Amino acid sequence: MSTERTLNTLRAPHISEKSARLAENNQYVFVVAPEATKADVRAAVEHLFDVKVVDVNLVNTKGKVKSFRFRTGNRQGKRKAYVRLADGHTIDVSAKA
């Protein structure tokens, strides 16, 4: 996989209460590109963070319907990746750039 595709696969870590709970069990959540596959996500995480990935699950979330001044619209949906790492490997997703 090219380095450009690797860098474009992972968009951002997804920070929530659920992802904080999952991080205790060595599982991390990332927002990924809509066209990313499990193999792409696995390769990107292993390349960028130097860790061993055990399992990857992908989830498509639909955007919510919101209204603004009597006009309805849709928020953009997301594709999230739940990545489980091997024992002894960790990622610090709360680190500042």
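The legends below describe an overview and several close-up views of one predicted model.

Because the model is predicted, local features are reported at pLDDT of at least 70 and side-chain atom pairs at pLDDT 80 or more, whereas totals for chains, interfaces and linings use all residues. Residues are numbered from 1 along each chain as its sequence is written, and side-chain values use heavy atoms, with hydrogens and water left out.

**Figure 1. Overview of the chain and its secondary structure elements.** The chain has 3 helices and 6 strands, arranged along the sequence in the pattern α-β-α-β-α-β-β-β-β. Helices (H or I, at least four residues) and strands (E, at least two) are DSSP runs, numbered from the N terminus. The C-alpha atoms fill a box of roughly 50 × 30 × 25 Å along the principal axes. Of the 97 residues, 31% count as buried; buried means under 20% relative accessible area, exposed over 50%, and partly exposed in between (1.4 Å probe, protein chains only). The accessible surface comes to about 7,100 Å², of which 49% belongs to carbon and sulfur atoms. Accessible areas come from the Shrake-Rupley method with a 1.4 Å probe, and for residues only the protein chains shown count as cover. Among contacts (heavy atoms within 4.5 Å) between residues at least 6 apart in sequence, 58% join residues at least 24 apart.

**Figure 2. The largest nonpolar core, with 16 residues.** A nonpolar core is a set of buried Ala, Val, Leu, Ile, Met, Phe, Trp, Tyr and Cys residues joined through side-chain atoms within 4.5 Å. Phe30, Val41, Val45, Val83 and Leu85 touch the most other members of this core. Two or more core residues are given by each of strand 2 (27-32), helix 3 (38-49), strand 3 (53-61) and strand 6 (78-85). In soluble globular proteins, nonpolar side chains tend to be buried together. Beyond its neighbours within four places in sequence, Leu85 is in contact with Asn26, Tyr28, Val45, Val51, Lys52, Val53, Val54, Thr90 and Ile91.

Figure 3. Asn26 is placed in the loop between helix 2 and strand 2 and has a positive phi of about 65 degrees although it is not a glycine. Asn26 counts as buried because its relative accessible area is 13%. Thr90 lies in the segment after strand 6 and, with a relative accessible area of 60%, is exposed. Apart from neighbours within four places in sequence, the contacts of Thr90 are Asn26, Tyr28, Val51 and Leu85. Thr90 and Asn57 are 33 residues apart in sequence, and their C-alpha atoms are 18 Å apart in space.

**Figure 4. The salt bridge between Arg5 and Asp40.** The structure holds 1 salt bridge, defined as a side-chain nitrogen of Lys or Arg within 4 Å of a carboxyl oxygen of Asp or Glu. The closest N and O atoms of Arg5 and Asp40 are 2.5 Å apart. This pair links distant parts of the chain, with Arg5 in helix 1 and Asp40 in helix 3, 35 residues apart. Arg5 is partly exposed, with a relative accessible area of 42%, whereas Asp40 counts as buried at 11%. Side chains of opposite charge can pair when their charged atoms come close.

Figure 5. Leu7 lies in helix 1 (residues 3-9) and counts as exposed because its relative accessibility is 55%. Asp50 is not a glycine, although it has a positive phi of about 55 degrees.

**Figure 6. The hairpin of strand 4 and strand 5.** Strand 4 (residues 65-68) and strand 5 (residues 71-74) run antiparallel and are joined by 4 bridges; two strands pair if DSSP finds at least two bridges between them. Ser67 has Thr72 in strand 5 as its bridge partner. The hairpin has 2 residues between its strands, and Arg69 in the turn has a positive phi of about 55 degrees.
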